[in-house]
Amino acid sequence: MARQSIFKSWAVSMTGFFAAVRTERNVALVCFFAVLAIVLSAVFRIPLAEWIIVIFCCGLVLTVELVNTAIESVTDLACNNEIHPLAKIAKDTASAATLVASVTSLIVALLIFTPRVLALL
């Protein structure tokens, strides 16, 4: 197998990312909330340490959601739309990972943004 250039690898990754955004509602939703968090961070001029936390949380949730999508796709392919107990565990566990990352990031967002929003009221 020939080694791909770094640019070819990056292009393949971006193709996968945009395919996931187009076809998976939850990936698009995570992207929307990531953009919202970044806009709020800019509007409230949060400190650098909080920027790092916000960006890390956005990246973490998006990464876990993309891995969840990959696991679901491969599981569906392997099972030919049959319900298998191990396939259900794989899909449910991957989904749970996304939930944990999302809830954790929501808590972080509430801790960072709630005081700033309340100060506006």
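Biologist: How do helix 2 and helix 3 run relative to each other?
Modeller: Helix 2 and helix 3 are roughly antiparallel to each other (angles under 35 degrees count as roughly parallel, over 145 as roughly antiparallel, 65 to 115 as roughly perpendicular and the rest as oblique). Their axes cross at roughly 175° and come within 10 Å. Axes are lines fitted to C-alpha atoms, for helices over the stretch in contact, and angles run from 0 to 180 degrees between N-to-C directions.

Biologist: And what kind of model am I looking at?
Modeller: A predicted one, where local features need pLDDT of at least 70, side-chain atom pairs count only at pLDDT 80 or more, and totals for chains, interfaces and linings use all residues. Residues are numbered from 1 along each chain as its sequence is written, and side-chain values use heavy atoms, with hydrogens and water left out.

Biologist: What is the mean pLDDT of the protein chain?
Modeller: The mean is 94, and 98% of the residues in the protein chain reach 70 or more (pLDDT is the predictor's confidence in each residue, from 0 to 100).

Biologist: Where is confidence lowest, and where is it highest?
Modeller: Helix 1 (residues 6–23) is lowest, at a mean of 94, and helix 2 (residues 25–44) is highest, at 97. The helices are DSSP runs (H or I, at least four residues), numbered from the N terminus, with strands being E, at least two.

Biologist: Back to packing. How do the axes of helix 1 and helix 2 cross?
Modeller: They cross at roughly 100° and come within 5 Å. That makes helix 1 roughly perpendicular to helix 2.

Biologist: Which residues make that contact?
Modeller: From helix 1 you have Phe17, Ala20, Val21 and Thr23, and from helix 2 Arg25, Val27, Ala28 and Cys31. Contact means heavy atoms within 4.5 Å. By class, helix 1 with helix 2 gives 6 nonpolar, 1 polar and 1 charged residues (Ala, Val, Leu, Ile, Met, Phe, Trp, Tyr, Cys and Pro count as nonpolar, Asp, Glu, Lys and Arg as charged, and the others, Gly among them, as polar).

Biologist: At what angle do helix 3 and helix 4 pack?
Modeller: Helix 3 (residues 48–79) and helix 4 (residues 85–120) pack at an angle of about 165°, and their axes are 9 Å apart. That makes helix 3 roughly antiparallel to helix 4. The residues of this contact divide into 16 nonpolar, 6 polar and 6 charged.

Biologist: Let's zoom in on Asn68. Is Asn68 buried or exposed?
Modeller: Asn68 is in helix 3, and with a relative accessible area of 5% Asn68 is buried. Buried means under 20%, exposed over 50%, partly exposed in between (1.4 Å probe, protein chains only).

Biologist: What does Asn68 touch?
Modeller: Not counting residues up to four places away in sequence, Asn68 touches Lys91, Ala94, Ser95 and Thr98.

Biologist: What about Thr69, which residues does Thr69 touch?
Modeller: Glu24 and Val27, again not counting residues up to four places away in sequence. Thr69 sits in helix 3 and is buried, at a relative accessible area of 11%.

Biologist: New topic, Phe113. Where does Phe113 lie?
Modeller: Phe113 is in helix 4 and counts as buried, at 7% relative accessibility. Leaving aside neighbours within four places in sequence, Phe113 is in contact with Ala37, Leu40, Ser41, Phe44, Ile46 and Val54.

Biologist: What is phi of Arg45?
Modeller: Phi of Arg45 is near 50°, a positive value in a residue other than glycine. Most residues other than glycine have a negative phi.

Biologist: Is Arg45 buried or exposed?
Modeller: Arg45 is exposed, with a relative accessible area of 74%, and its place is in the loop between helix 2 and helix 3.
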